[in-house]
Amino acid sequence: MKLSYRCESCKKDNTVKTKAANRHGLLMELGKNEINKRCLHCGHFTKKHINRLYADDNYTYVIIGFVLSAVIRYLLWDLGWVSTLTGAIPLYFWIEMKKKSSAFNRTMVK
Ligand SMILES: [Zn+2]
């Protein structure tokens with residue numbers, strides 16, 4: 001999951017990568033409740049509490065969903081109406097992505 005925070009100095013967004021599914025997991029991963037990162041844009045060190053990191057929507061999965069649906073549609077072309085159902089695949093990926101990022105953003109740590 002990609003997390004983002006805003007640099008206090010230049011107000012640009014920076015991203016942090018994590019394997020954690022929520023802030024509790026992130027806390028375990030970091031071993032502390034804040035990050036201290038150098039801004040990629042201006043080099044300013046920003047200390048942020050992990051409650052102020054937000055999960056970004058990862059549209060890569062939606063794109064994968066589109067590719068997958070195109071492939072399946074091609075394979076099922078002879079079945080006619082079945083191929084139209086493949087349009088639901090990217091939608092499903094999109095919902096899953098939204099669920100993941102909102103689950104992350106909902107949990108707060110002390
Ligand atoms: Zn900056």
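Predicted model: local features only at pLDDT ≥ 70, side-chain atom pairs only at ≥ 80, totals over all residues.

Trainee: Which domains does the assignment give for the protein chain?

Mentor: Domain bounds come from an automatic or database domain assignment. Here domain 1 covers 2–55 and domain 2 covers 60–106. Their centres, taken over C-alpha atoms, are separated by 30 Å. Five residues from domain 1 and four residues from domain 2 take part in the contact; two residues are in contact if their C-beta atoms, placed from the backbone, lie within 7 Å.

Trainee: How many residues has helix 4, and what span does it reach?

Mentor: Helices (H or I, at least four residues) and strands (E, at least two) are DSSP runs, numbered from the N terminus. The expected span of a helix is 1.5 Å times one less than its number of residues. Helix 4 (residues 88–106) has 19 residues and reaches 26 Å from its first C-alpha to its last, close to the expected 27 Å.

Trainee: Which residues of helix 4 are buried?

Mentor: A residue is buried if 20 or more other C-beta atoms lie within 10 Å of its own, exposed if 12 or fewer, and partly exposed in between, with C-beta atoms placed from the backbone. In helix 4, the buried residues are Ile89, Phe93, Met97 and Phe104. They lie on the same side of helix 4 because they cover an arc of only 75° around the axis, the arc being that of the directions from the helix axis to the C-beta atoms. On the face turned away from the buried side of helix 4 are exposed residues, including Leu91, Ile95 and Lys98. The buried residues of helix 4 pack against helix 1 (23–30), strand 5 (54–55) and helix 2 (60–75).

Trainee: Why do the buried residues of helix 2 line one face of the helix?

Mentor: Val62, Gly65 and Ser69 are the buried residues of helix 2. Seen down the axis, they fall within an arc of 50°, so they line one face of helix 2. These buried residues pack against helix 4.

Trainee: What does UniProt list as "transmembrane region"?

Mentor: UniProt annotations may be inferred rather than shown by experiment; feature names are shortened and positions follow the numbering used here. The unreviewed UniProt entry lists residues 58–75 and 81–97. In the model, residues 58–75 are 89% helix and 0% strand, whereas residues 81–97 are 82% helix and 0% strand.

Trainee: Which residues form the largest nonpolar core?

Mentor: A nonpolar core is a set of buried Ala, Val, Leu, Ile, Met, Phe, Trp, Tyr and Cys residues joined through C-beta atoms within 7 Å. The largest one has six residues: Leu3, Leu26, Ile50, Leu53, Ala55 and Phe104. Not counting residues up to four places away in sequence, Leu53 touches Leu3, Tyr5, Val16 and Lys48.

Trainee: Where are Tyr5 and Glu34 placed?

Mentor: Tyr5 is in strand 1 (residues 2–6) and counts as partly exposed because 19 other C-beta atoms lie within 10 Å. Glu34 belongs to strand 3 (residues 34–38) and is partly exposed, with 15 C-beta neighbours inside 10 Å. Leaving aside neighbours within four places in sequence, Glu34 is in contact with Lys47, Lys48, His49 and Ile50.

Technical notes: Residues numbered from 1 in each chain as written.
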